[in-house]
Amino acid sequence: MRPISYPRKGGRHTGFNLFKNGDQLFDEGLDLINRKNFAKARDKFSDAIEKECSKAALARLYMALINVSNNRGNPGYYKSIGTILAQNDFGTFKFCLVDVPAAELRTECELSATEIEASNFNGPYMEKGQKLLAAAARYQSEIGDRPLHFEEMFNGTTNVTGARESLILQAMAYETLGRGAVYDDPKQGAEYMQMAYNLPRMI
């Protein structure tokens, strides 16, 4: 008798998934997330969506979060999550056993993308410095002392707050401004550099 040949998809064995419905696969994906087995969890959510699970939108969100976990420096991934959050009312959901308010995460996505784009800006130093300061101001005003959800989800820490991120960005901004001012106004450039030096002491 010839052995049973199960179909493969995307290089992974999906034979056992043939006998499970979408909601069962979704629940398995959640369990894998809690164990931080993101690669297998992503496959489960993908299969759950194909089987039209009742939580397809949430499965897409989890897949997007898994994508960003390995691409923290890509603003496009944060924007993708933000789009999913804007299109759905998830309220508060769990990721890696962390309770995440969707509205707060959407704000973080927007700020993360803005921060990365400011950090990667290749234009004049003075313009880049102002972009970094603008991002710093938003972290302080829109998140403040609240811990960043991305850090809690992926790194298990609640020590990284909006206020802390704001100080880091301010230090980067003033160092950048110092580099931009040093030739035209050495005194102002030195003042900016001193501010950049002092800010990390406040963290």
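Helices here are DSSP runs of H or I with at least four residues, numbered from the N terminus.

Before going on, a word about the model. It is predicted, so local features need pLDDT of at least 70 and side-chain atom pairs count only at pLDDT 80 or more, while totals for chains, interfaces and linings use all residues. Residues are numbered from 1 along each chain as its sequence is written, and side-chain values use heavy atoms, with hydrogens and water left out.

Stay with α5 for a moment. Its buried residues (under 20% relative accessible area, with a 1.4 Å probe and protein chains only) include Ala102, Leu105, Cys109, Leu111 and Ile116. Two glutamates, Glu108 and Glu115, are also buried in α5.

Now look at Ala48, which lies in helix α2 (residues 38–50). Ala48 is buried, with a relative accessible area of 0%. Leaving aside residues up to four places away in sequence, Ala48 touches Gly22, Leu25, Phe26 and Cys53, where contact means heavy atoms within 4.5 Å. Ala48 and Asn71 are 23 residues apart in sequence and 23 Å apart in space, C-alpha to C-alpha.

The axes of α1 (residues 22–34) and α3 (residues 56–69) come within 11 Å and cross at roughly 30°. Axes are lines fitted to C-alpha atoms over the stretch in contact, and angles run from 0 to 180 degrees between N-to-C directions. That makes α1 roughly parallel to α3, a label for angles under 35 degrees. Phe26, Leu30 and Ile33 of α1 meet Leu58, Ala59, Tyr62 and Ile66 of α3. By class, this contact has seven nonpolar, no polar and no charged residues; Ala, Val, Leu, Ile, Met, Phe, Trp, Tyr, Cys and Pro count as nonpolar, Asp, Glu, Lys and Arg as charged, and the others, Gly among them, as polar.

Finally, compare the pair α8 (residues 162–181) and α9 (residues 186–198), whose axes come within 7 Å and cross at roughly 160°. These two helices are therefore roughly antiparallel to each other, the term for angles over 145 degrees. Among the residues that meet are Tyr174 and Leu177 in α8, and Tyr192 and Met193 in α9. The contact of α8 with α9 has nine nonpolar, three polar and two charged residues.

Note on methods:
Parallel < 35°, antiparallel > 145°, perpendicular 65-115°, else oblique. Buried < 20%, exposed > 50% of the residue type's maximum accessible area, 1.4 Å probe, protein only.
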